[in-house]
Amino acid sequence: MRIAILSDIHANREAFDAVLEAVHERGSPDELVLLGDLVGYGPDPVYVIEKAAHLMADGALCIMGNHDEAVALNLSNMTENARFAVQWTRERIAPAHLDFLARLPLSLQSEDRLYVHASAERPGKWPYIRDVDSAERCLSASDARFVFCGHTHIPAIYYALPGRRPVHFQPLDNVAAPLSDLRRHLVIAGAVGQPRDGNPAACFVLVDTQRHEVTMVRVPYDHEETARKIQAAGLPGWLGMRLKIGR
Amino acid sequence: MQRFEAGAVIDGFELVEKLPSGGMASLWRATNPRYDFPLVLKIPFLDPGGDVSVILGFEAEELIMKRLSGPHMPRFAASGSLAQVPYIAMEFVAGTGLADIVGKAPLPVDEVASIGTEIATALAALHRQKVVHLDLKPENIILAERGAVLLDFGLARHAELPDLLGAESSVPMGTAAYISPEQVLGERSDPASDLFALGCLLYQLATGEEPFGRPATFAGMKRRLYHAPRSPRDINEAIPRWLEAIILRCMDVDRTRRYVEAAHVLSDLSNPDQVVVARRKPRDEGGWAAITRLFRKTDDRALVGRPTSSRTQAGPSIVLAAVDLANGSDALAGEVLSETARVLASRADSWLACVTVLKTEIIGETPATDESGRSVYLKRLVALKDWAHPLHLPEDRISYHVLEAVSPADAILNYAEHNDVGHIVVGARASSAIRRHLGSVSTKVVAQALCSVSVVRLKAVEEQGRQVERNSASEPRTVDEDQ
């Protein structure tokens, strides 16, 4: 079984389209997952929401991210740039789009895989998994063999044996990392629409259960164009700049 | 825990005969009609509640063996899931175990060098595949007809895979007699660690003694950071200085002074006359020096130096510059020199093999045998050294080779392959009708080299190019000499 997981699209149309094309170039996956944060930061929320709805109608899974929640519920407990983008987004999308975001679930389970945007530990509180401790708390909040999260925009894999501390691994771009028969795994997907690991190329996760492999696939896209649109839309300049440097 | 008897079948593998093995796994000769090579099954001992390192070692070995290829590793056949019956099925490699040979040490020098060459070749092949063995010892090396074959990747590390084994353990992993100082400190990613173990093996083969014994404690293993073993020639006077120099350079605690790549060890073992034998200063240790040393706080990490990966990734380790000096050092030779300097500059510890070919007309005729031939050879060697002089390389970074051959291209290719050269720089004369017809040295080198090749050509204005073409058409003898 092949699974493609797209996290943190953040209203970045160019990255989203490039990634979807790359996904289908590799043959249609058996499961397509949108792992939250469809909107926020980027200039194309309507396009991304409608595309997501379309993919869901074709069977894709989609869960809620903190930016989706903030836009849907008009929350303001975020950093300045994020807050600004939330308001900007709310002014540009229709009630039906808001409704779509509000109805997204916090997590979904499919066979032995749990999909949740931030962490299985108190998903609605949106904690960040940036170290072994938070990874351990996430894994102990679920009994799924595979937990997939996003939210940090930095790819990582944590391997866990029962009763032992998880082992952190920073997967290499486009190099398959092994999945173990014996272990549980927490996979943190890199971001489609706003990578922060120093590589501006969009990132999505490809899982192959037969081959016992997971790959962080990198897809270069026209981030100059996205940055230009961010500028033109009157969104904060840093949101365009960070797409160029991948931070 | 499951016990297996001969005749049992696991996933289509029929167990035939139990082989002697260590404490981590049982080994079985096995058959399976699906594979056309002799098989052995390695089945880990997985007692419930047993040592978790057995599982971790099995996991690491399976992940790494699957990804390895080539003659210096057993072929991987299949593996069984840890969740069901765990096993690794691989090729049974026939040959002589180094463990059987090491008992007969000290061995004659040429035998030590030839075994060292085999192991260095295998290590170079392994390191090229981004794997460090980290447990090189006589029990894990088989000398087969096809060369040395390395076994047991249970402690090995793949640069692109998570180190699940290392992350779980805080104790040094390896074999006390051969473990490198940086492994003792917990580092598990440097190919130079295997070269340290190779040095220990060569030491043992040459002297009949293990350099550090077999310390059972952490403190005992750590001694090798501070105390050098007896020098090989103290134990066995028959060991030549060049071999001692190679062994001690493998075993240098400081990785900035150790060999960085197996290819370099290989090259030194096959070119003993080029090994730089450093005159080692006797340690000036008055009473005061000994006392200050006692109180000086040394950082263990500083002793073992920085990991070698920063250097190995910068550029090729061994550069071969092939230069045609038949008509003296001409403009093309100068251009080859400039390009060589650029390639060498990418890496601070790269090493240059200067090669020039003395053409012989027929096979068997060796011009160096008689007096006049000898002088031709020496003249060319002097010319070669003079050519390379502007590079100002220290003598341990450069070697000179006047090869006598019918075909310069074959001589260059042969040298490059046997010394694991990483980059060849070769000159090409301007194109001519005859050269196009017969093919040139550079064309053949480019077509057949196993590494990158820079072809250097003089930038000529069109008029000159035509002139050269006319000249070379009238002098067919120079056709092949565009090395």
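Reply: With pairing. Two strands pair if DSSP finds at least two bridges between them. Keep in mind that this is a predicted model. In chain B, strand β1 (residues 9–10) and strand β2 (residues 13–19) run antiparallel and are joined by two bridges. B:I10 has B:F13 of β2(B) as its bridge partner.

Me: What do β1(B) and β2(B) form, and how many residues lie between them?

Reply: They form a hairpin, with two residues between the strands. In the turn, B:D11 has a positive phi of about 50°.

Me: How does β2(B) pair with strand β3 (residues 25–31) of chain B, parallel or antiparallel?

Reply: Strands of a sheet pair through backbone hydrogen bonds, either parallel or antiparallel. Here β2(B) and β3(B) pair in the antiparallel sense, over five bridges. B:L19 stands opposite B:L27 of β3(B). These two strands also form a hairpin, with five residues between them.

Me: What is the strand order in the open sheet of five strands in chain B?

Reply: Read across it: β14-β13-β12-β15-β16, with parallel pairing. β14 (398–405) and β16 (452–456) of chain B each have a single partner strand, so they stand at the edges and one side of each is left without a neighbour in the sheet. From one strand to the next, the twist averages 20°.

Me: Show me one pair inside that order.

Reply: Take strand β12 (residues 318–322) and strand β15 (residues 423–427) of chain B. They pair in the parallel sense over four bridges. B:V425 in β15(B) is the bridge partner of B:A321.

Me: Which strands does helix α16 (residues 408–418) of chain B touch?

Reply: α16 of chain B packs on the sheet and touches β12, β13 (351–359), β14 and β15 of chain B. Its direction makes about 140° with that of β14(B). Helix α18 (residues 441–448) of chain B lies across β15 and β16 of chain B. α18 of chain B runs at about 160° to β15(B).

Me: Now two helices. At what angle do helix α6 (residues 192–207) and helix α9 (residues 241–250) of chain B pack?

Reply: About 145°, with the axes 7 Å apart. The crossing of α6(B) with α9(B) is left-handed. From α6(B), the contact includes B:L195, B:F196 and B:L198. From α9(B) come B:L243, B:I247 and B:C250. By class, the residues of this contact are nine nonpolar, one polar and no charged.

Me: And a pair in chain A?

Reply: The crossing is right-handed. A:H67, A:A70 and A:V71 of α3(A) meet A:A82, A:V86, A:T89 and A:R90 of α4(A). The contact has four nonpolar, two polar and one charged residues.

Me: How is chain B divided into domains?

Reply: Domain 1 is 9–91, domain 2 is 96–278 + 288–309 and domain 3 is 314–478. In chain B, 11 residues of domain 2 are in contact with 10 residues of domain 3. Helix α10 (residues 262–270) of chain B gives the most to the domain 2 side, with five residues.

Me: How many residues does each chain give to the contact between chain A and chain B?

Reply: Chain A gives 12 residues and chain B gives 12 residues. On the chain A side, β7 (156–160), β8 (167–169) and β9 (177–178) give two or more residues each. That side has nine nonpolar, one polar and two charged residues.

Definitions and conventions. Residues numbered from 1 in each chain as written. Chains lettered and ligands numbered in written order. Predicted model: local features only at pLDDT ≥ 70, side-chain atom pairs only at ≥ 80, totals over all residues. Domains from an automatic or database assignment. Contact = placed C-beta atoms within 7 Å. Left-handed = near helix turned anticlockwise from the far one by under 90°. Nonpolar A, V, L, I, M, F, W, Y, C, P; charged D, E, K, R; others polar. Axes fitted to C-alpha atoms, helices over the stretch in contact; angles between N-to-C directions.
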